[in-house]
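Okay, thanks for letting me jump in. I'd like to walk you through a few side-chain details, so let me get the picture up.

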Amino acid sequence: MNSFDVVIIGGGPIGIACGLEAQKNKLTYLILEKGPIVNSLYNYPLNMQFFSSSEKLEIDDIPFISNEAKPKRNEALEYYRRIVTSNKLTINLFEKVTSIEKVESEFTVVSNKNRYNAKNVIIATGFYDIPKKLHVLGENLVKVSHYYKDPHFYAGQKLAIIGASNSAVDAALECYRKGAEVTMIVRGKQIGERVKYWVRPDIINRIKENSIAIFYNAEVKEIQENKIIINTEEGVTAVENDFVLALTGYQPNFSFLEKIGIKLSNDENKTPTYNQNTMETNVENLYLAGVICGGMETHKWFIENSRIHAKMIVKDILETNLN
């Protein structure tokens with residue numbers, strides 16, 4: 001049975017919400033996830049705490065109970081996993097979609113394991129897979145990572161953290177408290193204003209007391225085995241260094257969207273084309289859901305404001321696309 005009313009690409013919170021909505025409305029559906037359940041959340045830092053409170057992360061009105069008002073990564077993994085297993089959602093894990101083609105009125109979805117036919121396709125793949133590169137010499141050294149997991153690894157090491165967003169600040173504070181010698185390299189003149197309000201004073205105070213070193217209005221020029229070269233307002237400087245965390249953000253897989261035929265805006269945001277009332281793209285019966293809708297504006301959509309996409313999409317499918 002490889003033919004479905006809906007194939008959903010991405011098994012994150014919004015992909016799961018789409019699956020729940022399809023199931024409730026008796027549509028045949030399949031969720032394809034390239035990793036484990038909520039793969040992106042699984043790859044978040046071990047101690048990550050959400051900006052949103054637990055009720056704002058709920059999907060399909062299923063209560064999310066957490067120890068604190070703002071849940072942590074492990075609680076979110078438990079919540080979304082239980083939704084999948086308790087509702088017996090149809091989901092194939094560790095199956096990566098390689099292409100989507102439309103012939104007449106039907107899609108062919110090809111993965112690394114199988115081929116599927118679908119009347120409708122929902123893309124809910126997020127943006128966490130492709131880091132924004134620095135494009136500097138030495139970025140491919142083993143000491144450089146664009147993802148942060150656990151502060152224990154950096155204990156006793158000279159660690160440079162590039163960026164000033166939530167992920168960079170969380171990493172800086174955690175690694176400093178586990179014994180790393182942390183230096184932050186920030187392109188702007190201050191720590192990002194979108195940093196979690198209960199964390200921002202902490203990082204500012206650690207910088208003021210010189211517990212964490214920082215270069216503002218600075219950019220990395222080169223990364224070497226035992227140092228990092230930085231362009232600053234005072235000129236070029238070299239900082240002794242063991243490891244680099246380049247936490248400069250992530251972006252959607254734009255080439256994947258374009259190959260399917262989805263049009264992107266011509267500006268720097270590369271916003272995909274879709275109907276804001278139905279979430280249908282310029283490709284008929286092909287929908288977008290979740291953070292991917294924002295293009296490079298990865299701060300625009302979150303779980304809490306995009307969980308409504310599932311109902312909008314399934315409503316449109318039922319009304320117009322299953323004739």
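This is a predicted model: local features need pLDDT of at least 70, side-chain atom pairs count only at pLDDT 80 or more; totals for chains, interfaces and linings use all residues.

Rings, then. There are 15 aromatic pairs in the structure. Let me pick out Phe-64 and Tyr-80, which sit edge-to-face, 6.5 Å from centre to centre with 70° between their planes. This pair ties together distant parts of the chain: Phe-64 is in the loop between helix 2 (39–42) and helix 3 (73–86), Tyr-80 is in helix 3, and they're 16 residues apart.

Now have a look at Tyr-197 and Trp-198. That pair is also edge-to-face, at 5.0 Å between centres and 85° between planes. Here Tyr-197 is exposed, with 56% relative accessibility, while Trp-198 comes out as partly exposed at 29%.

There's a cluster as well: Tyr-44, Tyr-128, Tyr-147 and Tyr-250 are linked up by ring pairs. And a couple of lysines lie over ring faces. Lys-149 is over Tyr-42, 4.8 Å from the ring centre, and Lys-70 is over Phe-51, at 5.9 Å.

Okay, the glutamate. Back in the loop between helix 2 and helix 3 we've got Glu-58. What is the nearest side chain of opposite charge to Glu-58? That's Arg-307, 5.3 Å away. A salt bridge here needs a side-chain nitrogen within 4 Å of a carboxyl oxygen, and Glu-58, though buried, has none. Leaving out residues up to four places away in sequence, what Glu-58 touches is Pro-63, Phe-64, Tyr-79 and Arg-307.

Last stop, helix 5, residues 200–208. Which of its residues are buried? Ile-203, Arg-206 and Ile-207. Looking down the axis of helix 5, the buried residues fall within an arc of 100°, so they line one face. Covering the buried residues of helix 5 are, among others, helix 4 (166–177), strand 10 (181–185) and strand 11 (213–215). And just past the end of helix 5, Asn-210 has a positive phi, about 65°.

Technical notes. Residues are numbered from 1 along each chain as its sequence is written. Side-chain values use heavy atoms; hydrogens and water are left out. Rings of Phe, Tyr and Trp (its six-membered ring) pair if their centres lie within 6.5 Å; planes under 30 degrees apart count as stacked, over 60 as edge-to-face and the rest as tilted. Helices (H or I, at least four residues) and strands (E, at least two) are DSSP runs, numbered from the N terminus. Buried means under 20% relative accessible area, exposed over 50%, partly exposed in between (1.4 Å probe, protein chains only). A charge sits over a ring if NZ of Lys or CZ of Arg is within 6 Å of the ring centre and within 35 degrees of the ring normal. The arc is that of the directions from the helix axis to the C-beta atoms. Contact means heavy atoms within 4.5 Å. Lys and Arg count as positive and Asp and Glu as negative; His and the chain ends are not counted.
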